[in-house]
Amino acid sequence: MSVRPEAPLAIAADELTRRFGDFTAVNAISFDVRQGEVFGFLGANGAGKTTAMRMLIGLLAPTSGRATVAGVDVVRDPDGVRQRIGYMSQRFSLYDDLTVQENIALFGAIYGLDDRTIAARAEGLLARIGLLDARRDLVRKLPLGWRQQLSFSVALLHQPQVLFLDEPTGGVDPITRRVFWELIYETAAAGTTVLVTTHYLDEAEYCDRLTIMVDGRIAVAGTPGEVKTSLGVDSLDAAFLQLTRPAAGVA
Amino acid sequence: MRLSHLIAALRGLVVKETRHVLRDRQTLVILLLMPLAQVLLYGFAIRTDVRGVQVAVVDPTPDATTRALIQRIDGSARHTVVTVEPTDDALAGAFAAGIIRQAIVLPPHVDRRLARREALAVQVLTDGSDPNAGSAMASYAEAMVRRWHADALVARHGPAVLRAPDAVQIELVTRMRFNPTMESAQLFVPGLIALVLTIVSAMMTAIAITREKELGTMELLLVSPLRPSTIVIGKMVPYAVLGMANVAIVLGAAQLVFHVPIRGSVTLLLLQSALYIVTTLALGLVISTGSRTQRAAMLAALGGLLLPTIMLSGFIFPIDSLPTPLKVVSHIIPARWFLVIVRGIMLKGAGLEVLWQETLILAGLTTLLLAVGIRRLNERLD
Amino acid sequence: MAWRAVRALVRKEFVQVFRDPATVVQVFAIPVIQLLILSNAATFDVPRAKLLVIDEDRTPASAQIIQRLDGSGRFTVVGVQPTEAGIEQAFLDREARAVLRVPHGFARDLARDRRARVALAVDAEDGAAAGILQTAAQAIIADAAREVGGSEVTALTVSMPTLDVRGSQWFNPTRNYKHFMVPGLLVSLTSIIGLLLTSQNIVREKELGTIEQLNVTPLTRTQFLLGKLLPFWILGLAIFTIGLTVGKLAFGIPTRGPVPLVFMSAAIYLVVVLGIGLFISTIARTQQQVMFVAFFLLLLFLLLSGIFTPLESAPVWAQRIAAVNPVKYFVFIMRTVLVRGGGLAEVGPTMAGLALAGVGVMALAVRQYDKRSG
């Protein structure tokens with residue numbers, strides 16, 4: 001872990017809110033993420049995790065509240081943060097009718113990297129995930145797990161300060177999930193801050209700190225240990241159930 | 001699969017698809033209003049009569065008689081007089097720039113020649129780049145010049161001057177059957193209906209099916225025990241209903257707004273329209289089986305159907321004018337047959353005994369399209 | 001501006017288009033095939049219309065008229081009958097396109113008054129054809145009058161001063177309708193493909209989700225839209241060039257004016273049309289929506305452009321709509337330069353107008369495109 005508590009915050013959210021008509025998807029959440037942390041956003045589907053993330057990366061305008069990412073006020077200046085962040089969306093968003101190499105070349109050029117840099121970094125990234133031999137394959141032909149890993153790598157191509165991952169391990173087998181988390185750790189160890197949303201509670205144990213969102217609010221936040229202690233349970237599974245069950249019980 | 005099972009499943013499908021369509025309020029509104037808007041718009045806008053022709057009159061020696069001609073031309077709804085310098089260069093330039101489409105060149109001393117009963121030679125130059133408009137414009141201009149000449153002669157010498165022994169006149173009185181006033185609307189509205197229905201229905205079906213293919217939601221249906229063809233037919237039912245709604249709206253507009261008559265049986269018209277809706281849906285189906293993506297479906301439906309339907313269905317250009325190889329091609333354009341049927345029923349009051357051939361052909365085309373579509377669909381999806 | 005990014009985007013689009021064989025075929029084959037086939041379609045000439053004659057007179061004079069019509073090549077006399085019986089059915093069954101009625105006393109009137117009348121009824125179900133037949137019949141009968149009357153002239157007394165109206169066609173002396181239509185068809189086809197490709201492009205990325213990945217990058221809106229415009233601009237010019245070549249080789253369309261001017265105009269015009277497509281694409285949310293809007297616009301552009309029907313004949317309000325129709329202006333430029341031999345002086349202002357429109361539309365699209373929703 002290379003968290004530097006005295007360094008400026010990588011992400012700081014203050015009363016961040018998003019309403020869609022009558023429905024409040026994200027309800028005045030406040031939290032911060034330190035540089036180099038692996039920060040987890042947990043919650044059931046529809047709890048507001050993705051909406052919150054999209055506000056932080058400038059894809060969705062907040063209804064109210066403020067947020068700073070990599071030192072940039074994303075609410076006022078969403079474009080200012082783009083070079084400094086990487087993003088892997090929940091839905092696969094690379095071009096499946098282009099090859100691995102072509103996707104990398106495209107995003108490398110978009111982020112302003114010259115050809116030599118792209119080549120060098122691509123080599124490293126692809127070797128790490130074992131796709132070097134497949135660089136000329138159409139992305140469409142890759143199995144799901146490899147596609148996800150490719151998405152991850154492309155997001156890192158320009159060496160962003162903060163990496164946003166939205167359900168990166170959705171639908172992949174347990175082995176690939178483990179590999180993914182190894183990648184995430186390596187990235188964090190190198191100094192990148194990682195914000196990851198997931199609904200896999202066992203993955204939550206891997207995070208430095210985490211929050212659990214319920215119905216748009218942050219129900220609990222802290223290190224995995226702190227969360228378990230504050231709720232008086234010994235697993236995050238139980239913590240999650242305790243936070244969501246009461247609501248279900250009332251209904 | 002037992003028949004009762006099949007019917008129940010089909011009904012469930014149809015209900016699901018209908019809910020789907022009804023829920024998308026925006027698209028529904030567009031689907032119902034757009035054809036109407038287009039028929040209204042173009043029913044009023046498309047005209048082929050000769051109007052607004054800019055004409056230059058070259059008059060070397062203006063006098064009362066020539067002024068009378070200019071006034072007459074200017075006063076007619078068909079022409080507008082444009083002033084151009086009477087030099088060859090100026091004329092050529094004006095023609096080239098499209099500022100004038102006709103020029104009438106008068107000889108000098110018209111008054112004097114008329115007084116002396118001398119022959120007059122007048123030149124009418126017409127922009128021939130559009131030969132059809134050009135011929136029509138030339139005829140009108142010529143007729144106008146002749147009338148002016150005759151009137152000027154009579155004004156000068158009295159009516160007897162026209163009754164010369166060698167001036168034989170056979171007057172042709174023409175009556176346009178089924179469309180006596182040659183209303184542009186009656187000429188084009190039936191064709192517009194066919195055109196718009198064709199494109200909208202085919203496009204809609206093609207995209208709807210291809211969309212599910214592209215987004216992957218087809219797979220859910222494919223897991224069910226129903227055959228893909230049954231699924232697709234269930235899909236097409238709400239669109240068929242929408243199509244009929246369109247037909248009713250558009251025919252209503254044709255009658256109420258454009259006063260296009262329905263001289264034949266309304267029931268027959270509606271039945272034929274129902275047949276045609278199935279034809280266009282089948283066309284959309286065939287297109288969808290050949291398209292992997294929505295883009296391909298759109299290119300094929302819009303890019304591939306729009307111009308051929310405009311040009312080969314008889315909408316603007318008469319089928320009889322087509323050179324033989326194209327006449328053959330026009331036979332596979334469903335709109336062509338529907339147009340004959342619609343015009344026949346609406347304008348001529350024709351019944352099935354006259355239209356049975358076209359109806360049979362349309363039914364045959366439909367069956368063929370359905371067969372091809374369903375066969376290909378089963379091949380691709382299974 | 002980082003052109004590298006734009007170049008990378010352009011390259012991506014090209015790869016995507018050319019990697020899909022279906023798209024390549026559609027983008028190139030559809031316009032060329034349609035141009036080849038449909039250019040032959042465009043004529044209003046109706047040959048050999050079936051004519052039924054009711055000859056109530058049955059004299060040599062009436063026979064002469066019938067003979068004239070039959071031998072004219074425009075009509076084929078399918079029957080001569082003494083009464084009106086069965087005429088209605090003949091029309092319905094389409095046994096006859098037109099019916100000529102020579103009334104009783106035709107020859108007598110000619111001899112006595114030098115003036116007679118015949119009646120023509122034309123099936124106007126197809127109005128355009130009907131009009132042509134009417135004109136044709138009038139011309140044939142007018143000619144016949146001279147011949148019929150001439151044979152009965154005895155002495156010339158005071159003759160009516162003659163009026164010799166010499167009509168001639170400026171441009172297109174061979175009355176080749178293809179020369180008129182091919183430029184219009186070429187413009188139509190290029191516009192259809194171009195508008196469809198761009199309007200569908202951005203929406204597709206929205207639907208597939210790939211646009212998000214582009215939106216989080218530092219790409220500016222201008223860069224993004226240029227990256228979408230340029231590939232299809234190049235494709236459009238390619239299609240246009242191929243089409244023009246085909247038009248020249250297959251149909252011999254004239255090139256009286258400077259051809260480079262035509263290409264420059266095409267380049268400018270494409271920005272307008274593609275820009276409109278891009279604008280639609282930034283607003284629409286599904287490809288289905290786009291399709292309807294595209295269809296509506298295309299029909300509007302094509303039918304109110306002067307390609308198929310003369311704009312001068314349209315009602316004033318329709319002409320006003322046509323005033324903002326870029327297709328109309330480009331067709332004007334094509335016809336003026338190719339068929340009428342016009343040059344920069346004649347089409348310059350129009351080109352400038354199109355250029356302005358192009359810039360305007362692209363600016364609108366850039367303004368409209370929002371990376372951040374809500």
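Q: If buried means under 20% relative accessible area, exposed over 50% and partly exposed in between (1.4 Å probe, protein chains only), why is E17(B) called buried?
A: The relative accessibility of E17(B) is 2%, which lies under the limit for buried, so the word applies. This is a predicted model, in which local features need pLDDT of at least 70 and side-chain atom pairs count only at pLDDT 80 or more, while totals for chains, interfaces and linings use all residues. Residues are numbered from 1 along each chain as its sequence is written, chains are lettered from A and ligands numbered from 1 in the order in which they are written, and side-chain values use heavy atoms, with hydrogens and water left out.

Q: What makes E17(B) and K235(B) a salt bridge?
A: A salt bridge is a side-chain nitrogen of Lys or Arg within 4 Å of a carboxyl oxygen of Asp or Glu. Between E17(B) and K235(B) the N to O distance is 3.0 Å, so the pair passes. E17(B) lies in helix α1 (residues 3-23) of chain B and K235(B) in helix α9 (residues 228-256) of chain B, so the bridge ties together parts that are 218 residues apart in sequence. Helices (H or I, at least four residues) and strands (E, at least two) are DSSP runs, numbered from the N terminus. K235(B), at 4% relative accessible area, is also buried.

Q: How do you know that the salt bridge of R101(B) and E312(C) crosses between chains?
A: The side chains of R101(B) and E312(C) meet at 3.3 Å, N to O. R101(B) is in the loop between α4 (88-97) and β3 (102-105) of chain B, and E312(C) is in the loop between α11 (287-303) and α12 of chain C. R101(B) is buried at 13% relative accessibility, and E312(C) is partly exposed at 25%. Elsewhere, salt bridges that share partners join K16(B), E17(B), E212(B) and K235(B) into one network.

Q: What makes F240(C) and F263(C) an edge-to-face pair?
A: Rings of Phe, Tyr and Trp (its six-membered ring) pair if their centres lie within 6.5 Å; planes under 30 degrees apart count as stacked, over 60 as edge-to-face and the rest as tilted. The structure holds 16 aromatic pairs over all chains. For F240(C) and F263(C) the values are 5.9 Å centre to centre and 90° between the planes, so the rings pair and the pair is edge-to-face. F240(C) lies in helix α9 (residues 221-251) of chain C and F263(C) in helix α10 (residues 259-283) of chain C, so parts 23 residues apart in sequence are tied together. F240(C) is buried at 0% relative accessibility, and F263(C) is partly exposed at 28%.

Q: Why is the pair of F240(C) and F330(C) called tilted?
A: The centres are 5.8 Å apart and the planes make an angle of 45°, which falls between the stacked and edge-to-face limits, so the term is tilted. F330(C) lies in helix α13 (residues 326-339) of chain C, so with F240(C) in helix α9 of chain C the pair ties together parts that are 90 residues apart in sequence. F330(C) is buried, with 2% relative accessible area. Ring pairs link F240(C), F263(C), Y269(C) and F330(C) into a cluster.

Q: How do you know that the charged end of R335(C) sits over the ring of F180(C)?
A: A charge sits over a ring if NZ of Lys or CZ of Arg is within 6 Å of the ring centre and within 35 degrees of the ring normal. R335(C) is 3.5 Å from the ring centre of F180(C), which is within the distance limit. R336(B) likewise lies over the face of W337(B), at 4.2 Å from the ring centre.
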